[in-house]
Amino acid sequence: MMFKIIVSLIAFLAVFSIHAKHALHIFQQNRYSFERYTKWLMRFRNYHLNGYFIYIAACYLWMIGFEYFDIVNSEAAVIVISLIYGIKLIADEEKKEYIKPLVYTHRVIRQIIVLSVLIVLVLIILLVNEFDPLIIAVLTPILAWVLIYPMALITLPVENMIKKSYEDEARAIINEYHDLKKIGITGSFGKTSTKNIVENIISSSYYTLMTPKSYNTPMGITRTVREYLKPIHEVFICEMGAVKSGDIAYLMDFVKPQYGIVTSIGPQHLNTFHSLENIINEKMQMIEKLPSDGVGIINIDNEYIRNYQIKNNCTIYTVGIKNESADFVAFDIDYNIEGSVFKVRHNDQITAYKTRLLGEHNIMNILTGIALADCLGIDEKTIQKAVAQIKMVEHRLELKTMRGYTIIDNAFNSNPVGCLMSLEVLSKMPNEHVVITPGLIDLGKEEYRYNHDFGAYMKGRADWVLLVGKNQTKAIVDGLNESDFDMSRVKVFVNVKEAFNFLYGQINKGATVLLENDLPDAFSN
């Protein structure tokens, strides 16, 4: 009996392990949120379903076959096929390449331990009580996805305790540096690009620290402060993200910046904010929470920011491209394969700038950096030189060459406004124009409309459209169809690798390729 339980446990755990890894991967990509994880399960409920049905069918057929030929009993047949299936899953997983793989943080390791304990207990209970192995085989993959909930509830108190202790330490460190200039940056999109641009400009005159990559959550900011902030730093540039109401207010109380930047506001994370009004109110907490002697910099080309009634008497500077009433206005913008040139008007003074960056939204981000640099007393020539030396931000309209093609890599910066601007940049480039995209996500009920409009806008700006994910890109196909795009030049692929293989094999070298968005594997379907 004991031998049977041990062998059965090994077989079912082999099956469970890979399904559990995938479930944890999805939970992590959904920011460890029950609500986001549940919505993902409802939307992508067919994820791995084919493999699951094959496994169950094989168990059942092998069980019947083995019994019919009197080779082994039905229980042994199910255990054998489960072990084979589990080994195959593990072998396949070793070969699989992910766009954004599971990150084995300390938190994930704790989750794996709890998840392992839970499944072992469940399987032992089922096996000791002699449940039909076929039923256990049916339940095992499902349990991998369901046990995420109790696992998360069990680990939540520990995670909260660890998070609080780290945050308290970070708050204490920030409070020690009384002369530190702190800059907060938020917006529905453009945060990371603006942060990098601001750092490039400000570091020409100050010793700066910025939150790295997309570290814009309480834990990301906490880690930055604990590990990197030193007495030598004069300026701390802090990106602040929000996926629900209250996030920005919390981070503002945490960091207490004297300078605040709102890059843009739009329908991002509607799944968790539930309304555009909630997004507007939340993002503008960046300005509302500034001290009375603080300075806010806002983009008044954005109608939601422009129409918002600020309830704070701090100093406000406005930036704009289309709105010429702004304090800092960019105009005469032109760009090519070498970058962009533009002029800035401030207080009736006009200054010319050049940059390696592409796209109108990057000009807006630079304009924000120029305004902030002016507030910090950096002279005009230093700002000009710094703007000319700004490095391209990885995967954000980053220009590169690959196998004879010019690539405009906007993989990490896609949003309803930015994707249209990216198409405008593409249209100014030489030779054939190619778009590779899986479309936009996390836009709630508006997702179809924005993807449809994205597809329709490609007419006259792209010669080829290579889509990733049949279901995910249906709205783009509809938009292309309705705009009378040449559908013989629209191809749909399972993954980005297949799309690039088509590019290399079918489209002439010298073409310019816009890589717009690069969704995690969980959302490319």
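Author: Start with helix α15 (residues 360-375), which lies across β1 (181-186), β4 (259-262), β5 (295-299), β6 (315-320), β7 (328-336), β8 (339-346) and β9, at about 140 degrees to β7. This is a predicted model, where local features need pLDDT of at least 70 and side-chain atom pairs count only at pLDDT 80 or more, while totals for chains, interfaces and linings use all residues. Residues are numbered from 1 along each chain as its sequence is written, and side-chain values use heavy atoms, with hydrogens and water left out.

Reader: What makes a run a helix or a strand, and where does the angle come from?

Author: Both are DSSP runs numbered from the N terminus: H or I over at least four residues for helices, E over at least two for strands. Angles run from 0 to 180 degrees between N-to-C directions, using lines fitted to C-alpha atoms, for helices over the stretch in contact.

Reader: Which strands stand at the edges of the sheet, and why is one side of each left without a neighbour?

Author: The order is β2-β3-β1-β4-β5-β6-β7-β8-β9, an open sheet with mixed pairing. At the edges stand β2 (208-210) and β9 (349-355), each with a single partner strand, so one side of each has no neighbour in the sheet. Ignoring direction, neighbouring strands here are turned by 20 degrees against each other on average.

Reader: How do you know that β2 and β3 pair?

Author: Pairing asks for at least two bridges found by DSSP, and β2 has three to strand β3 (residues 235-239), running parallel to β3. Met210 stands opposite Ile237 in β3.

Reader: Why are α5 and α6 called roughly antiparallel?

Author: Helix α5 (residues 106-128) and helix α6 (residues 133-146) have axes that come within 12 Å and cross at roughly 165 degrees. The classes are roughly parallel under 35, roughly antiparallel over 145, roughly perpendicular from 65 to 115 and oblique for the rest, so α5 and α6 count as roughly antiparallel.

Reader: What is the class make-up of the contact of α5 with α6?

Author: Contact means heavy atoms within 4.5 Å. Ile119, Val122, Leu123, Leu126 and Leu127 of α5 make it with Ile136, Thr140 and Leu143 of α6. That gives seven nonpolar, one polar and no charged residues. Nonpolar covers Ala, Val, Leu, Ile, Met, Phe, Trp, Tyr, Cys and Pro, charged covers Asp, Glu, Lys and Arg, and polar takes the others, Gly among them, so Thr140 goes down as polar.

Reader: How close is α1 to its expected reach?

Author: The expected span is 1.5 Å times one less than the number of residues. Helix α1 (residues 2-29) has 28 residues and reaches 39 Å from first C-alpha to last, close to the 40 Å expected. Arg31, which follows α1, has a positive phi near 60 degrees.
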